[in-house]
Amino acid sequence: MVIEIVADLVCPWCYLGLIRLQRALALRPGRRPRILWRPFLLNPDAPPEGIPLPLYLSAASGGDPNRVIANLLRAAAPDEGLFDYARIDVMPNSIDAHRLVQWVGRHQLVDETLQLRLVTAVYRGYFGFGRDLARHAVLAELASEVGIDRQDALAFLAGDDGRLAVLKDHQRVRNLGIKGVPCFIVDSRYALSGAQEPEVFLPLLDLSPTPVDA
């Protein structure tokens with residue numbers, strides 16, 4: 001089974017959706033899917049340093065950023081402990097974070113869970129601790145937390161490798177008609193959008209005709 005996750009690394013609903021997918025998979029221990037990360041950019045034109053979070057949320061909410069946060073935390077209950085918006089100052093440009101995740105995905109030769117563990121660390125670092133994902137030093141430190149050499153990550157981020165690939169992947173999923181995230185695509189046959197409860201994922205996991213070890 002292959003599950004493609006189309007998401008942005010600065011999207012709280014995507015983080016919540018990933019956590020709920022993982023809970024659904026825990027309810028189906030016989031399923032051991034290959035999980036692929038597909039980048040989506042909510043703010044492809046954001047400056048490299050990002051956008052001050054109050055300014056971004058004010059624009060998104062029509063002037064009431066606290067309402068956006070309150071609505072998210074209410075919808076996320078009982079998972080609101082994942083988010084600490086008091087620590088977040090910036091809505092980052094996420095392209096470098098996506099570049100790093102894709103680079104790790106291409107080089108996870110021994111540990112096939114490495115990319116997903118990095119994604120989880122990036123989400124936790126940003127939404128739980130306010131780490132600025134626009135800073136290469138922060139991304140390299142998050143990479144080191146899951147066993148990636150910090151200097152290797154810094155050297156990769158210092159270049160421009162992978163930027164065009166991320167932009168092309170983003171445009172590809174947009175061309176497929178995916179306008180909002182998260183979106184979960186199972187075996188290229190079925191799709192589910194949104195941060196659904198774990199039980200909502202189960203019919204897709206049960207319907208997939210592929211062997212559990214595929």
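Helices (DSSP runs of H or I, at least four residues) and strands (DSSP runs of E, at least two) are numbered from the N terminus in this tour. The model is predicted, so local features are taken only where pLDDT is at least 70 and side-chain atom pairs count only at pLDDT 80 or more, while totals for chains, interfaces and linings use all residues. Residues are numbered from 1 along each chain as its sequence is written, and side-chain values use heavy atoms, with hydrogens and water left out.

**Stop 1**

At Ala7, look across to Pro39 in β2, which stands opposite.

**Stop 2**

Next select Cys11 and Cys14: are they buried or exposed? Cys11 counts as buried because its relative accessibility is 4%, and Cys14 counts as buried at 2%; the classes are buried under 20% relative accessible area, exposed over 50% and partly exposed in between, with a 1.4 Å probe and protein chains only. A search of the whole structure for disulfides (a pair of cysteine sulfur atoms within 2.5 Å) finds zero.

Now colour Ile5, Phe83, Leu100, Leu118 and Tyr123, the residues with the most contacts inside the largest nonpolar core, which has 69 residues. Such a core is a set of buried Ala, Val, Leu, Ile, Met, Phe, Trp, Tyr and Cys residues joined through side-chain atoms within 4.5 Å. In soluble globular proteins, nonpolar side chains tend to be buried together. Centre on Tyr123 and show its contacts (heavy atoms within 4.5 Å): leaving aside neighbours within four places in sequence, the partners of Tyr123 include Ala7, Cys11, Cys14 and Trp37.

**Stop 1: salt bridges**

How many salt bridges does a search of the whole structure find? There are nine, each defined as a side-chain nitrogen of Lys or Arg within 4 Å of a carboxyl oxygen of Asp or Glu.

Begin with Arg28 and Asp206, which form a salt bridge with the closest N and O atoms 2.8 Å apart. This pair links distant parts of the chain, since Arg28 lies in the loop between α1 and β2 and Asp206 in helix α9 (residues 198-207), 178 residues apart. Arg28 counts as partly exposed at 27% relative accessibility, and Asp206 is partly exposed with a relative accessible area of 43%.

Move on to Asp96 and Arg163, whose side chains meet in a salt bridge at 3.3 Å, N to O. Here too the pair links distant parts of the chain, with Asp96 in helix α4 (residues 95-107) and Arg163 in helix α8 (residues 163-175), 67 residues apart. Asp96 counts as buried at 12% relative accessibility, whereas Arg163 is partly exposed with a relative accessible area of 27%.

The side chains of Glu145 and Arg131 also meet in a salt bridge, at 3.9 Å, N to O. Glu145 lies in helix α6 (residues 136-145) and Arg131 in the loop between α5 (114-129) and α6, so this pair ties together parts that are 14 residues apart in sequence. Glu145 counts as partly exposed at 46% relative accessibility, and Arg131 is partly exposed with a relative accessible area of 25%.

**Stop 2: backbone geometry**

Most residues other than glycine have a negative phi, and most peptide bonds are trans. Against that background, select Val181 and Pro182: the peptide bond from Val181 to Pro182 is cis, with omega near 10°, and Pro182 lies in the loop between α8 and β5 (183-186).

Continue to Asp187, in the loop between β5 and β6 (190-193), where phi is near 55°, a positive value in a residue other than glycine. Asp187 counts as buried at 14% relative accessibility. Ser188 is found in the loop between β5 and β6 and has a positive phi of about 60° although it is not a glycine; Ser188 counts as exposed at 66% relative accessibility.

Key:
Two strands pair if DSSP finds at least two bridges between them.
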